[in-house]
Each structure stands twice: as structure tokens, then as C-alpha cells.
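Biologist: I'm new to this one, could you walk me through a few local features?
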Amino acid sequence: MRDLFERIIENKGPLGKWASQAEGYFVFPKLEGPISNRMKFQGKEVITWSINDYLGLANRPETKKVDGDAAYEHGAAYPMGARMMSGHTDFHEQLENELADFVGKEAAYLLNFGYQGIMSAIDALVSKDDIIVYDVDSHACIIDGVRLHVGKRFTFKHNDIESLEKNLERATKMAEQTGGGILVISEGVFGMRGEQGKLKEIVELKKKFNFRLLVDDAHGFGTLGKTGAGAGEEQGVQQDIDVYFATFAKSLAGIGAFLAADQEIIDYLKYNLRSQMFAKSLPMIYVKGALKRLDMLRTMPELKEKLWENVNALQNGLKARGFDIGTTSSCVTPVYLNGSIPEAMALVKDLRENYGIFCSIVVYPVIPKGLILLRMIPTASHTMEDIEETLEAFSAIRDRLQNGTYKRLSAAVAAAMGE
């Protein structure tokens, strides 16, 4: 019998094995200063393209005032306890009602965290006899939620409706045997590639198959649709999404999340979501903060307009310079380049140290070997000057990648990694 920790010590995982080379710089970096388009990284000013503050609400005086006033009045702890026992307030109910109205659903339920909230929602929505069919590129929180399911589950190829249909046929036959139902899960916006989920096409399959649809719209809420109600509004199928989920961690620049659905479904979830029944209620700082931010989202359309002005300028500028940004149809802006992991490290270090550009780097095993993905998140806080500087920097680093500069610079890194 081996010691439990032997495996952990021998195999630190696909990302953990790079810790000694990457930690503190490429992963777990420290961005300092007010959340904005420009922050400090290791003492130097950088243009930040890794902050999900889409509407630029994090550091506005009016949001900070509400946050500060709520902290002064209630402290960081109130309300204490879980919602069901002692942590329920009129403000929690008000926020739920306003969120439900905003996304066009009968009711909503407030969650203290997005990740554990959707995991728990998946767990509550299905029984052992039910079948889950979900997009293979779903976020980790969905995958972890599906892992809790003791029944059958199938993946369909990313945004591939033919693959979904085939898996729905399999799921239907199985559900007829078990006496269960089918839950389909997709995302409003896939956060890595920026593609919208094909919600309209998925909904169309309801004419042929009997299933319910859960959509994680973390990146779509506040950024897509005429009012900002998300990918369902953008695609004209919001009413056909059976359970709508979004977080406050992006457009609303806070903490928390919510589920929205028919009243009967929300009533059920309120009494069966283990992550909410047995966890502390969302503190008042975040509840009142979210109420203020939601009001700004509703009443200040210029925020979303500025966001999309910046998104279009950045994405069109990249395409005009010949960069591959994939098939993004959202604010998320991926830039695909060819290169090894050591080359990617050298490239990102050059961007940060010599060009003052901070963006996230994604490499294998998240994407295929030989690819480098630089993931950028434009916000309403960015300026045209930021965008122009970034486009110039990207042209320069692409030249250095193609002429072998980063390959030479990364030789020492590669040797240290044993490659």
C-alpha cells in the first residue's frame, strides 16, 4: 500500500509541473493598483487585457461609494448564516426580483458563488435516472457539476448541432428505459474562444426531442443583447432557455451569481441547492453593490456601447494585421499563434517587460500542442491609445516569434524543463 501523498509528490499535474518556472509571473501574477485599463505589474505600468471588468464598473466612484457605505453600515459579515436559516433579507429578495425582470424570467435565486452555484444546480436538477448532454468545451464548473451526477452523461462536439442531435437520440433511448429526463447544457459565451453557444439551433431541437436547457451565460450577461440580458436575448431565444445562469464576477464586477427560471423551478432549487442551503448567505456589501451595478447596466447603455466600440476596434485591428482570432462572436478576443511552451513564455515576458502589455497566456494541455493562445478581454475602460499600442506590440512580437528570436531566448527555459 502506497502513501496517499506519493502520487501528489511524483505528479504535480499538467499545470503544476511548471510551477517552479512559471509561478509569480506567468501564473499567480500580482496586478496592483486600482482595477482599470492600466495597472502595475512588478512595479511597471501595463495595459491590462486580463480583467473581466467588461463595463468598467469595478473602480467607478458611484459603485465604490455604494460598496463603502454598505461595508460601513453592515460590516463584512451581515447577514450571518445560510439564507434558509438566518441569512435572508429584503435586499436579497429585491436583487432576485430585479434580476429576474432584467433577464425576462419569472423568478431568480441568488447564489453566493458562481462556480459552486452551477455545480450545485446541475446536481439538484437531475436524478440518477436522468441523462445529461453537454458541450465538450464547457467550463470547468459545468464539468465538475456533471461529475456529481450518478446517472449517464454524454458530451457533444463543441457547438456541433449534428453531434448534439446524435447524442440526444442516444439519450432519448436511454431515458425511455430509465424513466428519466434529459438536461442539455451549453454556454452563452465560451470564455476561452469567445464563441457564442448555438442556443438558437439547440432550442430548435426541442421540436424533435424532449429536453430542458441550462445555459451558463457568465460572459454574455451584461455584454450581449439589446439590453445586455445576454446571449439568449442576442439570439432571440431567451424565453426558451429553461434555466439561465450568470455571475456577478464579470460585467457586474463583484462576487455572487444567480439562477433564473420559471417560479416552480426556482422554488424547487431554493430548497434543494446544497451549496446554498449549507453555506453562508451572500454578504450585504455584494448584494447592495450588485443592485447598484445592475441599475447602472439598465440605465447607462453608453457603458455597453463603449465596450463594443473597443471590442470592434481591437478585433478589427487584429484581423487587419493578419492575426488569427478564431471565430469569436463576443468580447472575448483570442489571438492564436504557433509556438512551443518555452517560446510562449519568452513571448509573454517580452510583451510585459518591453511593451507594457499584460494579457493571459494559454498553452497545452488547455489547447493543442504547438499552439499559443493570447486571451484578451476588452473593457469599457480601455482607450483607443491602449488598443493602438497593443496592436503595434502584437505585430512586433509576431515578427520575433516567426524569425526565431523567442526560440533562441527560450533555449535555457526548455533545457530547465527537460524538453
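Modeller: Let's start with a loop: Pro 79 sits in the loop between α3 and α4 (90–102), where helices are DSSP runs of H or I with at least four residues, strands are runs of E with at least two, and both are numbered from the N terminus. This is a predicted model, in which local features need pLDDT of at least 70, side-chain atom pairs count only at pLDDT 80 or more, and totals for chains, interfaces and linings use all residues. Residues are numbered from 1 along each chain as its sequence is written, and side-chain values use heavy atoms, leaving out hydrogens and water.

Biologist: What kind of peptide bond joins Tyr 78 and Pro 79?
Modeller: The bond between Tyr 78 and Pro 79 is cis, with omega at about -5°.

Biologist: Changing topic, where is Ser 395, and is it buried or exposed?
Modeller: Ser 395 belongs to helix α15 (residues 384–402), and its relative accessible area of 14% makes it buried (under 20% is buried, over 50% exposed, and in between partly exposed, using a 1.4 Å probe and protein chains only).

Biologist: And which residues is Ser 395 in contact with?
Modeller: Leaving aside neighbours within four places in sequence, Ser 395 is in contact with Arg 321 and Phe 323, contact meaning heavy atoms within 4.5 Å.

Biologist: What about Phe 28, buried or exposed?
Modeller: Phe 28 is exposed, at 65% relative accessibility, and it lies in the loop between α2 (19–22) and β1 (31–32). Although Phe 28 is not a glycine, its phi is positive, about 55°.
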